[in-house]
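User: Please take me through the strand pairing in this model, and say what each term rests on.

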Amino acid sequence: MFPEATLSRFGPGILETAQPLDGPFVTGLAEAAREHGTAVIAGVFEPAADGRVWNTAVALREDGSLAAAYRKIHLFDSFGAKESKLVAPGDAPEVVELAGLRIGLITCYDVRFPELARALVDRGADTFAVIAAWGSGPLKEDHWTTLVRARAIENTTWTIAVGQAPNPAIPDGFGVGRSMLVDPMGVARHDLGTGPGVLIAEIDTAWTETARATLPSLEHRRLGVGRS
């Protein structure tokens, strides 16, 4: 799994670097996935019809075929940023069967919206894949780690959160690092810290069943209460 904006760092240049999903970047990822027999999730930009781009998470199977392409729904028009100037919003949650898991795809600012994560669980997700180029600033790293753990806890769902690491040579404010693997009870099993790194970890799907038996909050929802 790779971060949001794996194809190109954020900035006006994404309008020129955006590629269709059958372009050279995703084709190269597919070739690598097929060569190594490894499923891949990565963030790219693809041209949109209105002159902007879509901020897209692509999911590739081990044979290199495209399993899903999720276009980011919630755009980061906050903290002084205006993602919507360059990026068109998607409108459909996406759950993909990949590497023996049912993965709900979440991109960066999306993680602040619990209703999206819950919609993914209702579509059968047993794991969340959160890719991000999280903006830096006061409290931002704390927000990232808190929100990732919150989505895992409230849905009793494994959460793989991969954040772009900061690049000191490019002071654009994108990336706090802190790639994490969080279990269904909210325990951060792994945390790569603020710098770049690579982690190999194992997800125990049986632990999801144990967590949900211990904390059956999904079963305890009263969906009709408080709605007119």
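Analyst: S5 and S6 pair in the antiparallel sense over 4 bridges. The model is predicted: local features need pLDDT of at least 70, side-chain atom pairs count only at pLDDT 80 or more, and totals for chains, interfaces and linings use all residues. Residues are numbered from 1 along each chain as its sequence is written, and side-chain values use heavy atoms, without hydrogens and water.

User: Why are S5 and S6 called paired?

Analyst: Two strands pair if DSSP finds at least two bridges between them; S5 and S6 have 4 bridges, so the term applies. In S6, Arg 102 is the bridge partner of Glu 97. The strands themselves are DSSP runs (E, at least two residues), numbered from the N terminus.

User: What makes S6 mostly covered?

Analyst: Buried means under 20% relative accessible area (1.4 Å probe, protein chains only). In S6, 6 of its 7 residues are buried, so the strand is described as mostly covered.

User: How do you know that S6 and S7 pair, and in which sense do they run?

Analyst: S6 and S7 are joined by 5 bridges and run parallel; the definition asks for at least two, so they pair. Gly 104 stands opposite Phe 128 in S7.

User: Why do S5 and S10 count as edges?

Analyst: The open sheet has 6 strands in the order S5-S6-S7-S8-S9-S10, with mixed pairing. Strand S5 (95-98) and strand S10 (188-191) each have a single partner strand, so one side of each is left without a neighbour in the sheet.

Definitions and conventions. Buried < 20%, exposed > 50% of the residue type's maximum accessible area, 1.4 Å probe, protein only.
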